Amino acid sequence: MAQFQRRRHHYYNRLRLVIPLISAVSGVLLILFAFLSFLAPSPLDSDQLRHRHLQHSTTSKVDENDAVGVPKFRVPKRGMKSDRDIWTSRNSKFYHGCSNASNKFPKVEAATHPNRYLAIATSGGLNQQRTGITDAVVAARILNATLVIPKLDQKSFWKDSSNFSEIFDVDQFISYLSKDVKIIKELPRKGKKKISMPTMRVPRKCSERCYHNRVLPVLLKRHAVQLTKFDYRLANKLDTDLQKLRCRVNYHALKFTDPILEMGEKLVHRMRLKSKHYIALHLRFEPDMLAFSGCYYGGGEKEKKVLGAIRRRWKTLHISNPDKERRHGKCPLTPEEVGLMLRALGYGSDVHIYVASGEVYGGEETLAPLKALFPNFYSKETIATKEELEPFSSFSSRMAALDFIVCDGSDVFVTNNNGNMAKILAGRRRYFGHKPTIRPNAKKLYRLFLSKSNMTWEAFASGVRTNQRGFMGEPNEVRPGRGEFHENPSTCICEDSQAKAKKDSGPRKYGKGYDATRKDDVIIDDQNADDEPEWADTDDYDLNVPLEKGLFNGTVLDYDGATSDYGELEEMLSD
């Protein structure tokens with residue numbers, strides 16, 4: 001028992017010595033923990049830092065390491081290496097425009113009946129009117145009528161007072177088509193008065209039979225008729241010789257006046273002095289386009305209020321679902337998204353870009369990411385003096401003509417909206433040598449842009465290149481007959497099949513990354529190519545309500561001139 005008590009007393013004394021030591025160590029640890037807690041950021045600060053990091057990782061500012069953003073999503077300054085020439089279309093040399101009439105196409109003398117005069121009044125902007133002028137020549141041929149020089153739209157949206165001869169070379173127009181259709185500058189007089197002329201409107205996409213049933217009886221009775229709102233009033237599919245006549249009008253007879261041509265070619269020359277190659281971008285990111293599309297770009301209540309105010313000018317416009325529109329590829333890409341797409345396709349930061357655009361929504365703040373990706377950024381206003389542009393600046397169609405010439409002269413044309421200018425230029429570039437024309441596959445790219453902050457640049461770029469196959473302006477990309485004829489004039493494009501067969505049968509060198517299963521010509525069916533808007537041919541849309549001042553830096557957008565159906569409105573805004 002005594003031994004047990006001595007052992008117990010021994011352990012008790014040792015414990016009394018250890019407790020102060022443990023207390024001292026614990027105190028030191030508590031002080032150290034408190035000190036570290038004081039230095040560490042709060043959870044809120046951590047979230048803010050993480051948010052800033054994600055924001056920085058998706059911006060387009062070039063850092064000191066020649067890249068954009070942070071390591072997870074770094075856009076290299078130089079273009080990515082490609083197994084193809086990014087400035088030309090593959091196999092383009094085997095195709096050429098061919099629009100000569102066949103031997104079966106009757107001469108103009110046999111095809112023109114006396115005392116039949118067709119006049120048309122065009123609608124919309126420059127390129128929409130161009131489609132109307134082209135189709136008017138064909139309509140006159142269908143009706144065996146003499147065509148009066150078309151009257152341009154001077155009242156709606158753009159308020160351009162220009163007449164035909166101030167935009168196009170009227171003598172070239174008449175003489176080039178003299179073997180196809182008789183064209184006169186004005187109606188002949190009957191005594192001292194001009195022949196009276198009733199007006200009428202034909203349905204959109206009116207066929208040959210439609211013209212014979214609706215217009216010909218009026219011509220036979222009254223000898224003259226004017227067709228109003230004449231845009232897309234002719235069927236997309238016609239007899240081969242009529243389609244080729246369309247091409248002769250659009251690609252040969254319609255030539256801009258000398259002052260416009262000279263200024264446009266001067267702008268092209270200045271772009272060529274800056275660089276061997278250049279890209280032309282039809283940005284189409286103006287407030288009216290965004291409002292009409294019903295899309296949302298993350299600008300909060302301010303954006304919804306401003307674009308909503310514009311959208312309400314069209315009283316019966318359907319209620320949009322911005323997320324659905326974006327998912328279905330109906331929304332224009334932002335300037336930054338366009339820039340990222342081009343960089344992913346292999347165009348480096350040293351590439352020169354000409355931008356054809358009106359007032360961009362958000363101004364310089366919206367354009368900043370695109371300019372960071374492509375610092376060599378130009379427009380007609382930056383490469384021409386105010387004095388040089390003065391003869392054109394008061395006329396929207398003449399200014400649009402200058403952009404048209406520079407875009408047509410570019411090595412690569414990029415469209416951000418499949419509107420009238422995009423369609424006309426795409427068809428023209430196919431006809432004259434298949435120069436690359438890039439149309440964003442917005443439906444597929446949407447998912448990539450949505451998840452880019454969680455991807456490496458290499459994975460993102462690979463996804464872009466995959467999704468853009470079939471949207472690069474290559475020969476045979478779109479099946480013949482698909483889409484608008486002005487965009488895909490397949491009847492007027494011929495293939496040098498012997499030369500292509502010889503090339504295909506010869507030895508081939510397969511470079512790195514060659515895919516033996518890949519075909520040179522990817523045929524894509526544009527799922528929206530032949531779709532009419534579900535809202536077409538509804539009630540008239542009132543465009544006569546001017547916007548309040550103060551929107552978009554004080555610019556007043558004035559939508560004068562009502563249009564007859566939703567399809568017309570869509571075409572007008574897409575010019």
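Tyr-117 has Thr-146 in E5 as its bridge partner. Strands are DSSP runs of E of at least two residues and helices are runs of H or I of at least four, both numbered from the N terminus. The model is predicted, so local features need pLDDT of at least 70 and side-chain atom pairs count only at pLDDT 80 or more, while totals for chains, interfaces and linings use all residues. Residues are numbered from 1 along each chain as its sequence is written, and side-chain values use heavy atoms, with hydrogens and water left out.

Strand E4 (residues 117-120) and strand E5 (residues 146-148) are joined in the parallel sense by two bridges; pairing requires that DSSP finds at least two bridges between two strands. Helix H4 (residues 126-142) packs on the sheet, where H4 touches E4 and E5 (contact: heavy atoms within 4.5 Å). The direction of H4 makes about 165° with that of E4, where axes are lines fitted to C-alpha atoms, for helices over the stretch in contact, and angles run from 0 to 180 degrees between N-to-C directions. The open sheet has five strands, ordered E6-E5-E4-E10-E9, with parallel pairing. Because strand E6 (183-184) and strand E9 (199-200) each have a single partner strand, they stand at the edges, and one side of each is left without a neighbour in the sheet.

An open sheet with the order E13-E12-E11-E14-E15 also comprises five strands in parallel pairing. Its edges are formed by strand E13 (377-378) and strand E15 (437-438), each with a single partner strand, so one side of each lacks a neighbour in the sheet. Strand E12 (residues 352-356) pairs with E13 in the parallel sense over two bridges, and Ile-353 has Phe-377 in E13 as its bridge partner. Helix H10 (residues 258-274) packs on this sheet, touching strand E11 (278-282), E12 and E13, and its direction makes about 155° with that of E12.
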